[in-house]
Amino acid sequence: MPVTGISIVSTPLVFASKAEMVEFGISDYDDVRLSTPDGETLSCFFIRPSNKRQAGRLTILMFHGNAGNIGHRVPIAKVLEEHIGCNVFMLEYRGYGLSTGTPNENGINVDAQAALDYIRNQEETRHDKIIVYGESIGGACAIRLVANNQEAGDIAGLILINTFTSMRKLIPRLIFPPFSAR
């Protein structure tokens, strides 16, 4: 049964534009439109490391939290590409930012798999090790993605920031916050 209510707390407040990418010193990136198997179009950024001499064969697949969108996480991507010397692929879930569709648990997991498949199939990244980064709701998505995709041997790590183990555990608190009886 798909989780409903995610759309209640998601709002496309800020979109990262070319000017904002330049403002954060990111010049080597692609604005990717990724198609999912179920017909949605996802807005994504593929950011290359600014220091090509430091660059390794590593791509971080980044899943943002429920509040906001990839535009809010550009500064984090900048730190990652600059200090680690890696590519960063930032996925915007269905119904967030410029992506089509309506957020739901199954759909977000489809989005995550589509992003991983994209990285695995691109000439530039197909031989990279992949680190999956999940923040908040993106952490639950990252955990599931890594658990279901370990057999290929290309996932080198999992980073979780302020997360939980299940979207179902998050949603009841967002829709029905606990109130103290006085």
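**Notebook: strand β3 and its surroundings**

I started with the pairing of β3 and found that 5 bridges join β3 to strand β4 (residues 87-91), the two running parallel. The model is a predicted one.

I then looked up the other partner. Strand β5 (residues 129-135) also runs parallel to β3, and 6 bridges join them. I took M62 as a reference point: the bridge partner of M62 in β4 is M90, and in β5 the bridge partner of M62 is Y133.

Helix α3 (residues 74-84) makes a right-handed β-α-β unit with β3 and β4.

**Burial of β3**

I asked myself how many residues of strand β3 (residues 58-63) are buried. The count is 6 of the 6, so the strand is largely enclosed by the rest of the structure. I sorted the residues by face. L58, I60 and M62 lie on one side, T59, L61 and F63 lie on the other, and all are buried, so both faces of β3 are covered.

**L61**

L61 has a relative accessible area of 0%; the cut-off for buried is under 20%, so L61 counts as buried. I listed the residues that L61 touches, leaving out residues up to four places away in sequence: F89, A115, L116, I119, I130, I131, V132, Y133 and L145. I also looked up one C-alpha distance: L61 and Y133 are 72 residues apart along the chain, and their C-alpha atoms are separated by 5.9 Å.

**Helix α5**

At 1.5 Å a residue, its 12 residues should span 16 Å; the end C-alpha atoms are 17 Å apart, which agrees.

**Whole chain**

The secondary structure of the protein chain comes to 6 helices and 6 strands, in the order α-α-β-β-β-α-β-α-β-α-β-α along the sequence. The protein chain has 182 residues, and 48% of them count as buried. Of the contacts with a separation of 6 or more, 73% are between residues 24 or more positions apart. I noted an accessible surface of about 9,100 Å² for the protein chain, with 55% of it belonging to carbon and sulfur atoms.

Key: Residues numbered from 1 in each chain as written. Predicted model: local features only at pLDDT ≥ 70, side-chain atom pairs only at ≥ 80, totals over all residues. Heavy atoms only, no water. Helix = DSSP H or I, 4+ residues; strand = E, 2+ residues; numbered from the N terminus. Buried < 20%, exposed > 50% of the residue type's maximum accessible area, 1.4 Å probe, protein only. Contact = heavy atoms within 4.5 Å. Areas by Shrake-Rupley, 256 points an atom, 1.4 Å probe, with all protein chains shown as cover. Expected span 1.5 Å × (residues − 1). Pairing = 2+ DSSP bridges. Right-handed = clockwise from strand over helix to strand, strands pointing away.
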